[in-house]
Amino acid sequence: MNHEALAMEMRGLREQVTGITDTAVAAADGMLIAADTAATIDPEGLAAIAAAGLGIARRAAEATGRGTFRQTVTYGSQGCAAFYAVGDTALMVVLGDEGIDIERLHEETRPALGRIGSILTATEGA
């Protein structure tokens with residue numbers, strides 16, 4: 001896996017969407033793959049929580065006949081946390097402050113998820 005390309009995608013998303021404060025990519029089992037987070041965020045803990053939420057969200061989408069899970073957003077008093085499926089084996093978490101434009105976030109994230117998925121599945125030297 002090309003860690004530099006993955007970091008570039010995460011930084012690029014932050015540069016494109018005002019209000020993004022932190023990003024992380026994790027395996028669906030909760031293992032952290034990469035993080036661009038503030039010192040106040042525990043990236044391993046964030047990955048584990050995100051994976052647990054991903055499992056619940058996937059089951060909810062399936063049980064209600066809503067198709068394949070794509071994304072969910074949790075809103076708090078100081079911003080939001082958006083969780084996106086990256087294929088079947090990974091997820092991306094984006095944390096944002098109160099001023100983040102969620103529609104723009106979703107718009108900019110869609111193509112980034114495809115590129116991140118390609119980075120995660122690429123074999124070294126291929």
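Modeller: Start with a cut-off: buried means under 20% relative accessible area. The model here is predicted. Isoleucine 100, at 11% relative accessibility, therefore counts as buried.

Biologist: Where is isoleucine 100 found?

Modeller: Isoleucine 100 sits in the loop between β5 and α3. Leaving out residues up to four places away in sequence, isoleucine 100 touches Val17, Thr18, Gly19, Ile20, Cys80 and Leu105. Leucine 46 is 54 residues from isoleucine 100 in sequence, and the two C-alpha atoms are 20 Å apart in space.

Biologist: How do I read a core, and which residues of the largest nonpolar core touch the most other members?

Modeller: In soluble globular proteins, nonpolar side chains tend to be buried together. Here the largest nonpolar core has 20 residues. Leu6, Ile20, Tyr84, Met92, Val94, Ile100 and Leu105 touch the most other members. Two or more residues come from each of α1 (3–16), β1 (20–27), β4 (79–86), β5 (90–96) and α3. The largest share, 5 residues, is from α3.

Biologist: What is leucine 105 in contact with, beyond its neighbours within four places in sequence?

Modeller: Leucine 105 contacts Val17, Ile20, Ala82, Tyr84, Val94 and Ile100, with those neighbours left aside. There is also a second, separate core of 16 residues, which includes Ala24, Ala50, Ala81 and Val93.

Biologist: Now the helix pair. At what angle do α1 and α3 pack?

Modeller: Two packed helices are described by the angle between their axes and the distance between the axes. For α1 and α3 the angle is about 175°, and the axes are 10 Å apart. An angle over 145 degrees counts as roughly antiparallel, so α1 and α3 are roughly antiparallel to each other.

Biologist: Which residues meet in α1 and α3?

Modeller: From α1, Ala5, Leu6, Glu9, Leu13 and Gln16. From α3, they meet Arg104, Glu108, Thr109, Ala112, Arg115, Ile116, Ile119 and Leu120. The residues of this contact divide into 7 nonpolar, 2 polar and 4 charged.

Biologist: Glutamate 108 is on that list. Does it count as buried or exposed?

Modeller: Glutamate 108 has 17% relative accessibility, so it counts as buried. Its place is in helix α3 (residues 102–121). Apart from neighbours within four places in sequence, glutamate 108 is in contact with Leu13, Gln16 and Val17.

Biologist: On to the sheet. What is the order of its strands?

Modeller: The order is β2-β1-β5-β4-β3, in an open sheet of 5 strands with antiparallel pairing. β2 and β3 (71–76) stand at the edges with a single partner strand each, so one side of each has no neighbour in the sheet. On average, neighbouring strands are turned by 15° against each other, direction ignored.

Biologist: How many bridges join β1 to β5?

Modeller: 7 bridges, and the two strands run antiparallel. Alanine 26 stands opposite leucine 91 in β5. On the β2 side, 4 bridges join β1 to β2 (residues 32–36). There, valine 25 has alanine 34 as its bridge partner. The hairpin of β1 and β2 has 4 residues between the strands, and in it glycine 30 takes a positive phi near 100°. β1 is mostly covered, with 7 of its 8 residues buried.

Technical notes: Residues are numbered from 1 along each chain as its sequence is written. This is a predicted model: local features need pLDDT of at least 70, side-chain atom pairs count only at pLDDT 80 or more; totals for chains, interfaces and linings use all residues. Side-chain values use heavy atoms; hydrogens and water are left out. Buried means under 20% relative accessible area, exposed over 50%, partly exposed in between (1.4 Å probe, protein chains only). Contact means heavy atoms within 4.5 Å. A nonpolar core is a set of buried Ala, Val, Leu, Ile, Met, Phe, Trp, Tyr and Cys residues joined through side-chain atoms within 4.5 Å. Axes are lines fitted to C-alpha atoms, for helices over the stretch in contact, and angles run from 0 to 180 degrees between N-to-C directions. Angles under 35 degrees count as roughly parallel, over 145 as roughly antiparallel, 65 to 115 as roughly perpendicular and the rest as oblique. Ala, Val, Leu, Ile, Met, Phe, Trp, Tyr, Cys and Pro count as nonpolar, Asp, Glu, Lys and Arg as charged, and the others, Gly among them, as polar. Two strands pair if DSSP finds at least two bridges between them.
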